[in-house]
Amino acid sequence: MTPIHQEELSRLKRLYRESEAGHGHVVLVNGGLGVGKTDLLRDFCKDASDCGALVMRASGSRAEQMMRAGVLEQLVHSTELPAAVAIQLEALMRAEVLRDPADTADIGGMRRDEAQALHRLSGLLLERAEERPLVIAVDDIQFADSTSLNFLLWLQRRMESARVLVILTEWERPQCVPAKFHAELNRFGHQWIHLVPLGVDRVAGVLAAALDGPVPHRMAQDYHRASGGNAVLLKALLEDRRDGFADTEDTAEQEPPTGPAFARAVLSCLHAWDTDLLRVAQTLVLLGGEATPARMGQLLGLESRSVTQALDVLTDAGLLQAGRLRSRAAESVVLGSLLPAEHTRLRLHAAELLYERGAASDLVAGHLIAADRMAGAWSTAILREAAEKALADDSAVLAVRYLKLALGAESDEHERASTVETLVRAHWRLNPAAAMVHFGELEQAMQDGRLAGPELVTLIRQALWQGETAVAEKALALVRAPENQVDLKTRAAVRLAALWIHGPSTQLDLAEPEPRSEDPWTRAAGALADVWTQGSSEAATASAEHILQSCQLGDNTVEALATALIALGHGAKADKAATVCEDLIEEAGRRSAPTWEALLRSVRADIALRRGELTTAVAHADGALATLPPESWGVLIGYPLAVLVRSNTALGRYEAAARALRYVLPDALFGTVLGLRYLHARGRYHLATDQVLASLNDFETCVGMQRHWNLDLTALMPVRIDLAEANLRLGRRRTAHQLARQQLERCKPDDKGARGRALRVLAGCSELAQRQRLLADSADCLEAAGERFEHACALAELSQVYQELGEFERARETSRRATQETKACQSAPIPTQRRRDRTAEDAVPAAEQAGDADRAPMLSQAERKVAMLAALGHTNRAIGRRLFITVSTVEQHLTRVYRKLGVNGRTDLPAGLAMVGVPEPVADAEAYLL
């Protein structure tokens, strides 16, 4: 690798050439921690040795600082000297005068015999320099013993005209090297090289040299930011890059990728000076934003001044920026250097220190979590307070960690109940299955009277989620009790949560015991409850908008918001409901609340299904089921599954619908409104796949359950229409007619959707003359209701009626409208011919049978084949070759087809074929023709 300090290296080479010419120099290289002093010295010594110099190297060490002549001994043994010289130097080194442990002579304060010994030693080296240039290099001179320092000073005074270059490196730190040594050094003059952290431009140069080409300025900034210009760290980053720890593509990352070289370099810098430096760095990372010299000193048992000095050293070295380590990687390395026991001790000590000074609960709790220990009796309250703050900040995962630690040490039963309730709330937001682990303990706390009013709301949600009706009823009664002081808004939100799952069911007592309240929330809840049985109304729409405007998304409001969205989606403001729902889904995702997101995606899927946006409905229902695992849904899994089955069925994706029906469901689901919706969707699937008896069973079960609960969900789920359609498919026209009439009688005038579907089924039971009027009214109602798929079905059947009546132009126009609606829904082709198998029970007069028979003009097998190939774009000649008939025969077939379908030419064939139930001529036609 190219030397980092290229300019300084060039200067040392120039001084070497001067020394080689007989002008000896002493060079003092100083600088902060990790600026590259050692690397510079090593690079120069290598070059000098290659040039023929005799290089003698030594390095000061804190451990050997008290050893007399320790550095001098290293110099003697650092190179291959001639045997005679080596023997003389060794004898001098072993001289008693240099080894006397009682000798405490300071710099410059030598005895006569010691001075004579140093004189002879320097003389020998100067003699060697006459034969060969001599380089003496001492790294970390601040750790050199006094005898070695005296020797260097002695040599300096005699080398002015000698071929000697002495290079010394020292720390840039006060009181590192004895002041007298510096004073003596200055008396005779020396060169000085000061190393500082590299700037961005020099970092760019180092990168360019290492990577063999220019680098983007942004990349240089990233590496400068990560290293602080510290040469040691920069070199380590490049080493990690070379070893494959960095991406091959240069990106705008804040921190370059790091590896083991960087970790070693950080620890090397911190270990190089003294133990306090590493301890200060560890404590700095530990305390984070709460670190001050006073707090760090108290934690470490050091004076604030000492801590400040250490911080200054780290800052000058480029390791710190604005009082923090420059990179997350460096912080990780520093924390990793702590032994587990020491880490725990420091964390607990830090928690106590911050708690005593009134620091924020989350700061104190963070240290407790890191220690995985409680620091005292006060810890529980701090952890719970921090958990509530974390939930408010949408950090439910962190809240769970706080509460788990608190729960492990909780002893007071009332406090434990509160801790469990908060933990359940945090778990529920992330994964309701994890919350259910604590359901039994929460229920027991309610039985023992250890849950306060607001805490009961959490229990109610869990009970509703799992279908635990008895527990929910008891908790609801307690919520209403005056002594629990639950505000009306919370009570209304709870009621809406229960209504969403159970509807206004007699199996769950949802009635408000007090007189009709003037509270807007209570009125809103009552109005929305009516949607289940009476459909949308102005009051329900106004209440839904009131809730959406005044309610923030949260644990206690998500069901209320969902109920309001459903009410709005079933009214005249479905577009607004879809927009608001998508905004709430985005907010739930941004706030890291999978449970909220899953519920709202289910609602959005329901709204899309209602509007006939089938692919959108499938996408959101699939998204909801992917957001939470199946075991987390409880009884609510019936909601997205019902929408998914109905949407895929309408799209003709029967295998996808069948997969959705294979989910394992909780038994409690079928005691809820969501269970009814699931059975209804399953019945629609069975009907679409010609499993008519199975669909009849599902629909009759839905009707029976509503009758048992004394509940009529006509507006939400007009199941009698589907029951009528199933009977019609079985040929039971009278039963179907009766059910359709019953449904019409139950429909409110403004419930256009249910009314339109009932009219369509009634048309299927009626004579041809009546069928046209009924289907026209059905199409108008369904269009007004915004139910595009059902509207397409009504138009397709109306087109067939026009065809049977001979009104071919109106048939074509209506068929085109049906096709447009079908494409908008991306649904499967709408079947226009219904099975009407008669049973003896429903036998009718022959005249009625004739009027009821399918009257679409029938194409012969040959005509169908010719028509389908023509619709696919084949020429008459190609059709003749394909079917082995003459071109004249093809023309005759097409003439008859045009007359029967009432179309003008080939371009109208697809629509005309659709009117008589022929599959759309695409790839399937090839199989059909074979």
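1. A helix residue to start from. Phe151 lies in helix H7, which spans residues 146-156, and in this predicted model its relative accessibility of 1% makes it count as buried, because buried means under 20%. Once neighbours within four places in sequence are set aside, Phe151 is in contact with Leu72, Leu75, Leu118, Leu121, Ser122 and Leu125.

2. The chain as a whole. The chain has 930 residues, of which 55% count as buried, and it contains 49 helices and 7 strands. Among contacts between residues at least 6 apart in sequence, 68% join residues at least 24 apart. The accessible surface comes to about 39,300 Å², and carbon and sulfur atoms account for 50% of that area.

3. Five strands form an open sheet in the order E2-E3-E4-E1-E5, and their pairing is parallel. Which strands stand at the edges? They are E2 (54-59) and E5 (191-195), and each has a single partner strand, so one side of each is left without a neighbour in the sheet. From one strand to the next, the twist averages 15 degrees.

4. How the strands are joined. Strands E2 and E3 pair in the parallel sense over 6 bridges, with Arg57 standing opposite Ala137 in E3. On to strand E4 (residues 164-171), E3 is joined by 5 bridges, and these two strands also run parallel; here Val138 stands opposite Leu168 in E4. Strand E1, covering residues 25-31, is joined to E5 by 5 bridges in a parallel arrangement, and Val27 stands opposite Gln191 in E5.

5. The enclosed strand E3. All 6 of the 6 residues in strand E3 (residues 134-139) are buried, so this strand is largely enclosed by the rest of the structure. In a regular strand, side chains alternate between the two faces of the sheet. In E3, Leu134, Ile136 and Val138 point one way while Val135, Ala137 and Asp139 point the other way, and all of them are buried. A student may wish to note that Asp139 is among these buried residues.

6. In soluble globular proteins, nonpolar side chains tend to be buried together. The largest nonpolar core here has 121 residues, and within it Val603, Trp633 and Leu636 touch the most other members. Taking Leu636 as an example, and not counting residues up to four places away in sequence, its contacts are Trp465, Trp500, Ile501, Leu599 and Leu674.

7. A buried asparagine in a loop. Is Asn484, which has a relative accessible area of 18%, buried or exposed? Asn484 is buried, because 18% falls under the 20% limit, and its place is in the loop between helix H25 (469-480) and helix H26 (488-502). Apart from residues up to four places away in sequence, Asn484 touches Leu451, Ala452, Gly453, Leu456, Leu478 and Val479. Of these, Leu456 is 28 residues from Asn484 along the chain, and the two C-alpha atoms are separated by 9.4 Å.

8. Two aspartates with positive phi. Most residues other than glycine have a negative phi. Asp372, however, has a phi near 55 degrees, and Asp690 has a phi near 65 degrees. Asp372 is found in the loop between helix H18 (361-371) and helix H19 (379-392), and with a relative accessible area of 56% it is exposed. Asp690 is found in the loop between helix H36 (673-688) and helix H37 (692-708), and at 49% relative accessibility it counts as partly exposed.

9. Cysteines. A disulfide is a covalent bond between the sulfur atoms of two cysteines. How many disulfides does the structure hold? The number is 0. Cys581, at 0% relative accessibility, counts as buried, and Cys781 is buried too, with a relative accessible area of 11%.

Definitions and conventions. Residues are numbered from 1 along each chain as its sequence is written. This is a predicted model: local features need pLDDT of at least 70, side-chain atom pairs count only at pLDDT 80 or more; totals for chains, interfaces and linings use all residues. Side-chain values use heavy atoms; hydrogens and water are left out. A nonpolar core is a set of buried Ala, Val, Leu, Ile, Met, Phe, Trp, Tyr and Cys residues joined through side-chain atoms within 4.5 Å. Buried means under 20% relative accessible area, exposed over 50%, partly exposed in between (1.4 Å probe, protein chains only). Contact means heavy atoms within 4.5 Å. Two strands pair if DSSP finds at least two bridges between them. Helices (H or I, at least four residues) and strands (E, at least two) are DSSP runs, numbered from the N terminus. Axes are lines fitted to C-alpha atoms, for helices over the stretch in contact, and angles run from 0 to 180 degrees between N-to-C directions. A disulfide is a pair of cysteine sulfur atoms within 2.5 Å. Accessible areas come from the Shrake-Rupley method with a 1.4 Å probe; for residues, only the protein chains shown count as cover.
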